[in-house]
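Dear colleague,

I am passing on the structure we spoke about, and below it I have set out what was found in it. Please read the notes with the structure open beside you.

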Amino acid sequence: MSRVSRADAVVVVVGAGHAGVQVADSLCEGGYHGPVLLLGDEPGLPYQRPPLSKDVLSARDEPGLLPLRGERHFADRGIDYRPDAVVTGIDRARRTVLLASGQEIGYASLVLATGAAPRPLQVEGSERAGVLPLRSLADARALRAALQSARTAVVVGAGFIGLEFAAAARKRGVDVAVFESGDRVLARAVSVGTSLHIMQVHRAMGTTVLVGEGPVRLEGAGGADGAVRAVVGSRGSRHPADLVVVGIGVRPRDDLARGCGLAVDDGVVVDEHLRTTDPAIFAVGDCARFPSPAGPLHRLESVQNATAQARHVARVILGAGTAAYVELPWFWSVQGPVTLQIAGLAVADDESVTSGYPDGGGFSVLRFRGDRLIAVESVNRPADHAAARRVLAGTERPTAAQAAAPGFCLKEHAGRAVAAVRRPHGLAG
Ligand SMILES: Cc1cc2nc3c(=O)[nH]c(=O)nc-3n(C[C@H](O)[C@H](O)[C@H](O)COP(=O)(O)OP(=O)(O)OC[C@H]3O[C@@H](n4cnc5c(N)ncnc54)[C@H](O)[C@@H]3O)c2cc1C
């Protein structure tokens, strides 16, 4: 591995979330001896996002900070971490970034790890007080404070964030209604079977789930700027709301890239090495749109994607990685009694074969494109998820017919597949 120690070998990482922190760490672990600057626009230490829609909201006691790394971590590694550092522009010709403070910092390599921002709701009344997004620690604290006194809440959008919030709010005894304009919950992420199961679980928790109905108007107390009090849906239903959580997806924070003329297409466009159209600039995590081995460009929103891409870019900067970025995506979500884990990427048209017990004990849905297993959704089946990741990383995948056979067990299949790889060619048994 080459070691870079020239004074001009500054790596600037913009964004101190899961991806940015991992880039800085992996550079240090890989022996990078040039300066590494980690610039984040939020205050304090970088923190974990997943608990913000889970334990942070449902815990009775105020949860502590959720730092991604300990207080001394960055100083101990010689990483120059700067909170409250808002990057406002990039000068590619001079290889500098400009900060809101007026400071300019030169770079040899620049990594954009700027994440994503919640899409705002755009219906009448959505600017009222009590209508809140859920992305940052500050958002979660505001929601947690609102939940102390709220009796009713409406969630707009039945994606992961909205449904996790709904489960946490129910746990606190709040009456919750979820508006989803699509025809099912988690439609972009899971099969019809898993989607229906999760909707039933939320209904069993006491949440009103309205599919095929989006909000048309948010009503409030007093005048037009009074706090929200109710949400009116496109089919005429009206739900009281002491607060409204907007979970209708995110837009990648690609404005810095656009501003300096890099290719952008709902995310910063990168090649198979996660390089932008400028070879000195990379993009990773939620803000990056990258090529998949199958062809189309993807943008993924998960901790696994952020950290795996960060490690890859660090290897490229260190001169230690020439292979294309190829990693199996995986994801998890916790919603009340359900832990959902997904390995691989499927789309709505892919076939589904269910293994296990949707009525109790957990199950997995194996997703096939043609006869090729491409993804596995596991509900309360952590062993299946672990097996799925091994199977999808290898070549010995079960066919749809094998998966549908009585007694099929993904974990056993994974065990046999590993044994087959280890066994020398030509030997039986
Ligand atoms: C509430 C919530 C729950 C989640 N739960 C899960 C889960 O259970 N499982 C899972 O796999 N994933 C989950 N995710 C998704 C996961 O957290 C993200 O995919 C991950 O945080 C992406 O990391 P990132 O570093 O790309 O972006 P981020 O974590 O968003 O970090 C980007 C950082 O860059 C900063 N920034 C942006 N622009 C600038 C600028 N110009 N100057 C300086 N700084 C800037 C941002 O403020 C932010 O701090 C969840 C996300 C949220 C919001």
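A polar contact, as the term is used here, is a pair of N or O atoms within 3.5 Å, where within protein one atom must be able to donate a hydrogen and the other to accept it. By that rule, and with both residues at pLDDT 80 or more, eight residue pairs are in polar contact between domain 1 and domain 2. Please keep in mind that this is a predicted model.

The domain assignment divides the chain into domain 1 (11-117 + 251-317), domain 2 (120-248) and domain 3 (337-422). The centres of domain 1 and domain 2, taken over C-alpha atoms, are 30 Å apart, and the contact involves 18 residues from domain 1 and 14 residues from domain 2.

Between these two domains an area of about 1,600 Å² is buried, with carbon and sulfur atoms giving 52% of it. On the domain 1 side, S53, L57 and R60 lose the most area to domain 2, and together they make up 35% of what that side buries. Two salt bridges are found across this interface.

The second largest pocket holds about 240 Å³ of space, and of the 14 residues that line it, E42, P43, Y47, L137 and R141 are the closest to its centre. Domain 1 and domain 2 each supply at least three residues to the lining of this pocket, and the lining as a whole consists of nine nonpolar, two polar and three charged residues.

With best wishes

Key. Residues numbered from 1 in each chain as written. Predicted model: local features only at pLDDT ≥ 70, side-chain atom pairs only at ≥ 80, totals over all residues. Heavy atoms only, no water. 1 Å grid on protein atoms, 1.4 Å probe; cavity = no way out; pocket = protein on both sides within 12 Å on 5 of 7 lines; lining within 4 Å. Points joined across faces, edges and corners; volume = space filled by probe spheres on them. Nonpolar A, V, L, I, M, F, W, Y, C, P; charged D, E, K, R; others polar. Domains from an automatic or database assignment. Contact = heavy atoms within 4.5 Å. Buried area = accessible area lost by both parts, 1.4 Å probe. Salt bridge = Lys/Arg side-chain N within 4 Å of Asp/Glu carboxyl O. Polar contact = N/O pair within 3.5 Å; in protein donor to acceptor, adjacent residues only side chain to side chain.
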